[in-house]
Amino acid sequence: MSSSRSSVALACAAVALLTACAGPRPQPLDTSGDARLVERWTTTPAPVDNIDSVTTWHARDGKVWLFASAKDVDNLVVFDADTGANLRRVGGPGSGLGQFERPNGIAVIDDLLFVVERDNHRVQVLALPELESLAVFGAAELKVPYGLWIEPKGEGAYDVYVTDSYQLADGTPPPLEQLSERVKHYHVARAGERIDATYVASFGDTSASGALRWVESIYGDPPHGRLLIAEEYLETGSTLRVYDMTGRYLGIDLDPSHFDGQAEGIALWSCPDGSGYWLATDQRADGNRFQVFDRVSLKHIGSFSGRNTSNTDGIHLQAQGSASFPRGVFYAVHDDQAVSAFDWRDIAKALKLRESCQ
């Protein structure tokens with residue numbers, strides 16, 4: 001995120017004179033049970049960027065753009081999604097249209113790019129392919145926003161869910177009773193170049209078992225009535241919590257034993273018949289893995305890791321084929337400074353998954 005990593009640092013600093021921020025040191029990551037895959041490519045590292053999230057857009061000429069949010073330099077990086085070649089950068093620091101302050105979660109729907117800005121406390125909407133800023137929204141409600149997921153509602157209408165991971169001054173989560181606004185729900189409507197956003201509601205469970213203490217990634221599955229939301233707080237166990245589409249915790253978590261690190265990015269490989277797979281990052285700096293679960297039963301299927309990819313925040317699954325990846329591609333941020341591409345055929349073969357919905 002990493003709000004969780006920065007929050008841990010703040011909490012440790014606050015008590016540094018009293019303790020060494022005691023707690024068990026994480027054991028070395030055992031990847032012996034993972035499918036070990038070779039990345040098809042990794043973009044040229046840019047250590048100053050602090051890349052967080054990724055998404056793609058298919059242009060009308062058949063080319064595919066890969067977007068990545070570069071938090072520390074307040075811009076977006078645009079890559080060729082087939083080759084990883086760096087194409088351009090978009091934006092710069094500031095609070096005006098087309099400017100960003102700590103861009104984090106990003107998502108594409110139709111020909112719109114949505115960008116969550118943590119330090120501007122808003123969501124910005126850009127038109128594709130021009131990358132012209134059309135609107136901003138959410139500043140009145142958002143405190144420390146991170147991630148988002150968008151549900152199309154037809155005819156230029158969208159429901160947008162934004163996670164809001166505000167913490168106390170010492171970097172620790174607020175009390176349970178204050179966690180009822182961890183996700184903000186907006187309705188967005190487009191008419192030509194006009195974007196109108198309406199705040200709908202906030203939600204978040206306040207029980208010890210269902211609370212979202214540190215939250216960033218969120219992804220929805222409307223046919224199954226589910227929102228999967230990453231709970232990253234290690235002290236109570238990191239996992240993906242399952243809410244319904246109205247924001248009610250269903251009392252279901254994905255098996256936390258499969259997350260040795262922090263549950264992070266979330267992606268869904270889906271078929272029209274309702275079947276498919278959930279993919280989630282188990283983030284660790286010493287070589288993270290990616291967990292795969294059945295879409296319907298939520299049972300664990302297996303895990304894979306890359307030869308080099310580690311410390312992954314955001315992920316994105318592009319199921320639509322392209323020139324280099326005819327069956328789709330899985331993108332994963334590598335160590336805050338690059339993006340790796342895994343061919344879906346390699347993942348499917350290694351874990352005995354389907355290559356297509358047919």
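In strand 12, Ala 157, Asp 159, Tyr 161 and Thr 163 point one way, while Tyr 158, Val 160, Val 162 and Asp 164 point the other way, and every one of these residues is buried. The model described here is a predicted one. Strand 12 covers residues 157-164, and because eight of its eight residues are buried, the strand is largely enclosed by the rest of the structure.

What does strand 12 pair with? On one hand there is strand 11 (residues 145-154), joined to strand 12 in the antiparallel sense over seven bridges. Within this pair, Asp 164 of strand 12 has Pro 145 standing opposite. Strands 11 and 12 form a hairpin with two residues between the strands, and here Glu 155 takes a positive phi near 55 degrees. Strand 12 also pairs with strand 13 (residues 183-191), again in the antiparallel sense and over seven bridges. In that pairing, Thr 163 faces Val 183 of strand 13.

In which order do its four strands lie? The order is 3-4-5-6, in an open sheet with antiparallel pairing. Strand 3 (51-58) and strand 6 (86-90) stand at the edges; each has a single partner strand, so one side of each is left without a neighbour in the sheet. On average, neighbouring strands of this sheet are turned by 25 degrees against each other, direction ignored. Inside the sheet, strand 4 (residues 64-70) runs antiparallel to strand 5 (residues 75-80), and six bridges join the two.

Gln 124 sits in strand 9 (residues 122-127). Is Gln 124 buried or exposed? Its relative accessible area is 0%, and anything under 20% counts as buried, so Gln 124 is buried. A polar atom of the Gln 124 side chain lies 2.9 Å from the backbone oxygen of Gln 99. Neighbours within four places in sequence aside, the residues in contact with Gln 124 include Gly 96, Leu 97, Gly 98, Gln 99 and Phe 100, as well as Leu 113, Phe 114 and Val 115. Ser 133, Ala 135 and Val 136 are also among the contacts of Gln 124.

Residues up to four places away in sequence not counted, Arg 248 touches Val 242 and Tyr 243. Arg 248 and Arg 226 are 22 residues apart along the chain, and their C-alpha atoms are separated by 9.6 Å.

Finally, the whole protein can be brought into view. How many helices and strands are there in the protein? There are two helices and 25 strands. A compact globule with 358 residues would have a radius of gyration near 21 Å, and the 19 Å of the protein agrees with this. Taken along the principal axes, the C-alpha atoms fill a box of roughly 60 × 45 × 40 Å. Of the 358 residues, 58% count as buried. Among contacts with a separation of 6 or more, 51% come from residues 24 or more positions apart. The accessible surface comes to about 14,500 Å², and carbon and sulfur atoms hold 51% of that surface.

Terms used. Residues are numbered from 1 along each chain as its sequence is written. This is a predicted model: local features need pLDDT of at least 70, side-chain atom pairs count only at pLDDT 80 or more; totals for chains, interfaces and linings use all residues. Side-chain values use heavy atoms; hydrogens and water are left out. Two strands pair if DSSP finds at least two bridges between them. Axes are lines fitted to C-alpha atoms, for helices over the stretch in contact, and angles run from 0 to 180 degrees between N-to-C directions. Buried means under 20% relative accessible area, exposed over 50%, partly exposed in between (1.4 Å probe, protein chains only). Contact means heavy atoms within 4.5 Å. The radius of gyration is taken over C-alpha atoms; the globule rule is 2.2 Å times the number of residues to the power 0.38. Accessible areas come from the Shrake-Rupley method with a 1.4 Å probe; for residues, only the protein chains shown count as cover. A polar contact is a pair of N or O atoms within 3.5 Å; within protein, one must be able to donate a hydrogen and the other to accept it, and residues adjacent in sequence count only if both atoms are side-chain atoms.
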